[in-house]
Amino acid sequence: MEFGIETWIDRLRDARRVTVLTGAGISAESGVPTFRGEGGLWRTYRAEELATPEAFARDPGLVWEWYDYRRGIVAGAEPNAGHRALVELEARVPSFLLITQNVDNLHQRAGSRAVCELHGNLFRSRCTAEGTTRDDLPNPLVEIPPVCTCGALLRPDVVWFGESLPVEALTTAGREAYRSDVMFVVGTSAVVYPAAALPERAAAGGAFVVEVNVTRTPISSVVDVTIPGSAAAVLPAVLDAL
Ligand code: BV8
């Protein structure tokens, strides 16, 4: 078995509760640009400049053009072998939760069921006046920025920088991370908080933490095992070994 999986696979075989934290890297092989890697730029903007309430207040049309562009990329993408391996893992362990920072809906399209979305979802929009959400906006959008039937602006139902995460999702993620026996941390640069605190939370609860990434990250020195490789290659190898 490659990637040294045989040295720790018994931890996974014996695990009752398994959690996974994913970031943009798991969707990279589906052709979806990551946030901070190459391709993480749109026109001349960086994601951090557009994924903010201030950018939306200043120019809702520009922010919606960026989200519409990303919705188009994701709509044309397919889940990859990494997403599919997590669907199989969910079926193979007694208790499972997939905690994702991604807003691309690819885990759900792959068939994952217990998915906790920390940062919302590209395909859901929210009325800025009523707070109601809908998932039926056309792709591509026919009007930019889109407005609610009540006349108020619609916004993407995602968490922007400086905004709090959904309380329910964050609470569930923190509780299940702490209770897990094994946590996989896949394809995240581990720089965005509070999501990036979840691996430490899992370790504090006694979890065996396995990182899967093509580069080292700030948590590489604190996890139990870090596997240098692509999620689309490593995760299927883990399932083969299980
Ligand atoms: C909050 C949704 C409380 C939108 C995103 C000052 C003021 C206010 C807040 C802060 C502040 N300073 C710091 C903060 C906190 C801030 C933060 O952490 N900033 C960082 C940048 C320093 N956090 C927040 O603002 C959060 N809210 O704290 O609320 C609060 C409230 C008010 C005031 C203060 C505090 C909200 C954070 C959520 C922001 N929304 N997305 C959208 O998507 O449009 S975050 C965005 O980054 C995405 O969700 C993304 O998922 C997330 C993390 O990025 P990654 O997923 O890790 O992706 P990245 O590109 O970075 O890395 C990809 C990785 O994959 C790399 O490591 C690469 O090596 C690897 N990889 C590549 N290919 C592969 C691979 N791995 C495996 N296989 C491959 N093939």
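Modeller: A residue counts as buried under 20% relative accessible area, as exposed over 50%, and as partly exposed in between. The model discussed here is predicted.

Colleague: Is Arg92 buried, partly exposed or exposed?

Modeller: The relative accessibility of Arg92 is 39%. Buried would need a value under 20% and exposed a value over 50%. Arg92 therefore counts as partly exposed.

Colleague: About how many helical turns separate Arg92 and Glu88?

Modeller: The side chains of Arg92 and Glu88 meet in a salt bridge, with 2.8 Å from N to O. Glu88, at 37% relative accessibility, counts as partly exposed. Both residues belong to helix H5 and are four residues apart, so the separation is about one helical turn.

Colleague: Which residues do salt bridges with shared partners join into one network?

Modeller: Side chains of opposite charge can pair when their charged atoms come close. By the rule used here, the structure has 14 salt bridges. Bridges that share partners make one network out of Arg17, Arg175, Glu176 and Arg179.

Colleague: How many residues apart in the chain are Arg109 and Glu78?

Modeller: Arg109 and Glu78 form a salt bridge, at 3.5 Å from N to O. Arg109 is in helix H6 (residues 106-110), while Glu78 is in the loop between H4 and helix H5 (81-92). The pair thus links distant parts of the chain, and the two residues are 31 residues apart.

Colleague: How far apart are the closest N and O atoms of Glu48 and Arg46?

Modeller: Glu48 counts as partly exposed at 23% relative accessibility, and Arg46 counts as partly exposed at 44%. The two residues form a salt bridge, and the closest N and O atoms are apart by 3.4 Å.

Colleague: Is the pair of Tyr67 and Trp160 stacked, edge-to-face or tilted?

Modeller: The whole structure holds five aromatic pairs. The rings of Tyr67 and Trp160 have centres 6.4 Å apart and planes at 50 degrees. Planes under 30 degrees apart would be stacked and planes over 60 edge-to-face, so this pair of Tyr67 and Trp160 is tilted.

Colleague: How many residues apart in sequence are the parts that Tyr67 and Trp160 tie together?

Modeller: Tyr67 is in helix H4 (residues 60-75). Trp160 is in the loop between strand S8 (154-158) and helix H7 (167-179). The pair therefore ties together parts whose separation in sequence is 93 residues.

Colleague: Which residues form the aromatic cluster with Tyr67 and Trp160?

Modeller: Tyr67 is buried, at 3% relative accessible area, and Trp160 is buried, at 2%. Together with Tyr67 and Trp160, the cluster is formed by Phe56 and Trp66.

Colleague: How far apart in space are Pro166 and Val93, C-alpha to C-alpha?

Modeller: Pro166 sits in the loop between S8 and H7. Beyond four places in sequence, Pro166 touches Glu117, Leu118 and Val159. Pro166 and Val93 are 73 residues apart in sequence, and their C-alpha separation in space is 27 Å.

Colleague: How many residues of helix H9 are buried?

Modeller: The cover over the buried residues of H9 includes helix H1 (9-13), H5 and strand S9 (182-186). Among the buried residues are Val234, Leu235 and Val238. H9 (residues 231-241) is largely enclosed by the rest of the structure because, of its eleven residues, the number buried is eight.

Technical notes. Residues are numbered from 1 along each chain as its sequence is written. This is a predicted model: local features need pLDDT of at least 70, side-chain atom pairs count only at pLDDT 80 or more; totals for chains, interfaces and linings use all residues. Side-chain values use heavy atoms; hydrogens and water are left out. Rings of Phe, Tyr and Trp (its six-membered ring) pair if their centres lie within 6.5 Å; planes under 30 degrees apart count as stacked, over 60 as edge-to-face and the rest as tilted. Buried means under 20% relative accessible area, exposed over 50%, partly exposed in between (1.4 Å probe, protein chains only). Contact means heavy atoms within 4.5 Å. A salt bridge is a side-chain nitrogen of Lys or Arg within 4 Å of a carboxyl oxygen of Asp or Glu.
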